Amino acid sequence: MSIKSDRWIRHMAETHGLIEPFEPGQIRQADDGRKLVSYGTSSYGYDGRCADEFKIFTNINSAIVDPKNFDENSFVSFTGDTCIIPPNSFALARTVEYFRIPRNVLTICLGKSTYARCGIIVNVTPLEPEWEGHVTLEFSNTTPLPARIYANEGVAQFLFLESDEACETSYADRAGKYMGQRGVTLPKA
């Protein structure tokens with residue numbers, strides 16, 4: 001198994017739609033000169049962006065968090081350029097990018113250091129072979145203070161690991177329940 005380079009990522013994005021929309025370089029500054037949390041292709045990964053759709057966790061309804069019977073009222077939907085996550089809480093979002101993972105590739109995601117150094121953890125499960133969709137992102141605010149997330153800027157790095165052989169059963173073969181997801185996707189039983 002090997003980690004794939006910027007050259008491979010660019011090639012796969014351009015010829016196979018691995019990532020759409022795709023940024024072949026690293027963007028660190030907006031056209032108007034504002035500094036951004038970087039996004040785009042890095043040496044051995046791709047820094048994905050957070051879209052402007054958020055679901056912020058709330059306990060206003062005193063619901064029980066149950067992954068088999070999830071109550072959508074546990075979240076408040078919000079659209080905007082920034083999202084404020086309450087102290088010791090979390091929010092869900094999605095990537096701007098739509099991913100299409102090849103059959104012989106497993107993709108893992110790690111939060112960017114800019115957020116990690118602020119006590120904000122980005123959690124994403126692996127993107128399995130032949131999965132595709134917008135990636136649902138979880139931002140955990142581990143601090144006792146409100147935390148800000150910036151839409152349309154980098155939030156997490158995706159690393160592509162290519163196996164020396166194709167898997168016997170892919171996510172598409174299993175007809176996985178999160179296949180082709182668009183938007184922020186809540187837990188499904």
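**Reading the model**

Modeller: Let's start with Phe99: leaving aside neighbours within four places in sequence, Phe99 is in contact with Leu18, Ile19, Leu127, Trp131, Glu132, Gly133, Val135, Phe158 and Phe160. Contact here means heavy atoms within 4.5 Å. Keep in mind that this is a predicted model, where local features need pLDDT of at least 70 and side-chain atom pairs count only at pLDDT 80 or more, while totals for chains, interfaces and linings use all residues. Residues are numbered from 1 along each chain as its sequence is written, and side-chain values use heavy atoms, with hydrogens and water left out.

Colleague: Which residues of the largest nonpolar core touch the most other members?

Modeller: A nonpolar core is a set of buried Ala, Val, Leu, Ile, Met, Phe, Trp, Tyr and Cys residues joined through side-chain atoms within 4.5 Å. As for burial, under 20% relative accessible area is buried, over 50% is exposed, and in between is partly exposed (1.4 Å probe, protein chains only). The largest core has 35 residues, and Phe99, Phe139, Ile149 and Phe160 touch the most other members. Strand S14 gives the largest share of this core, four residues. Another core lies apart from it, with six residues, among them Phe75, Phe90, Val184 and Leu186.

Colleague: And how should I read the aromatic rings?

Modeller: A pair of aromatic rings is described by the distance of the centres and the angle of the planes. Rings of Phe, Tyr and Trp (its six-membered ring) pair if their centres lie within 6.5 Å; planes under 30 degrees apart are stacked, over 60 edge-to-face, and the rest tilted. By this rule there are eight aromatic pairs. One of them is Trp8 with Phe160, a tilted pair at 5.8 Å centre to centre and 50° between the planes.

Colleague: Which parts does the pair of Trp8 and Phe160 tie together?

Modeller: Trp8 lies in helix H1 (residues 6-16) and Phe160 in strand S14 (residues 154-162), so the pair links parts that are 152 residues apart in sequence. Helices (H or I, at least four residues) and strands (E, at least two) are DSSP runs, numbered from the N terminus. Trp8 is buried at 15% relative accessible area, and Phe160 is buried at 0%. Next come Phe99 and Phe158: their ring centres are 4.6 Å apart and their planes at 40°, so this pair is tilted as well. Phe99 sits in strand S9 (residues 90-100) and Phe158 in S14, so the pair ties together parts 59 residues apart in sequence. Phe99 has 0% relative accessibility and counts as buried; Phe158 is also buried at 0%. Phe57, Phe75 and Phe90, meanwhile, form one aromatic cluster.

Colleague: What about pockets?

Modeller: Rolling a probe the size of a water molecule over the atoms shows where empty space is left. On a 1 Å grid over the protein atoms alone, a pocket is an open set of points where a 1.4 Å probe fits, with protein on both sides within 12 Å along at least five of seven lines; lining residues have an atom within 4 Å of a point. Grid points are joined across faces, edges and corners, and a volume is the space filled by probe spheres set on the points. The largest pocket holds about 560 Å³ of space. Its lining has 23 residues, of which Thr125, Thr136, Tyr178, Gln181 and Thr185 lie nearest its centre. The elements giving two or more residues to this lining are S9 and strand S12 (132-141), and S12 has the largest share, four residues.
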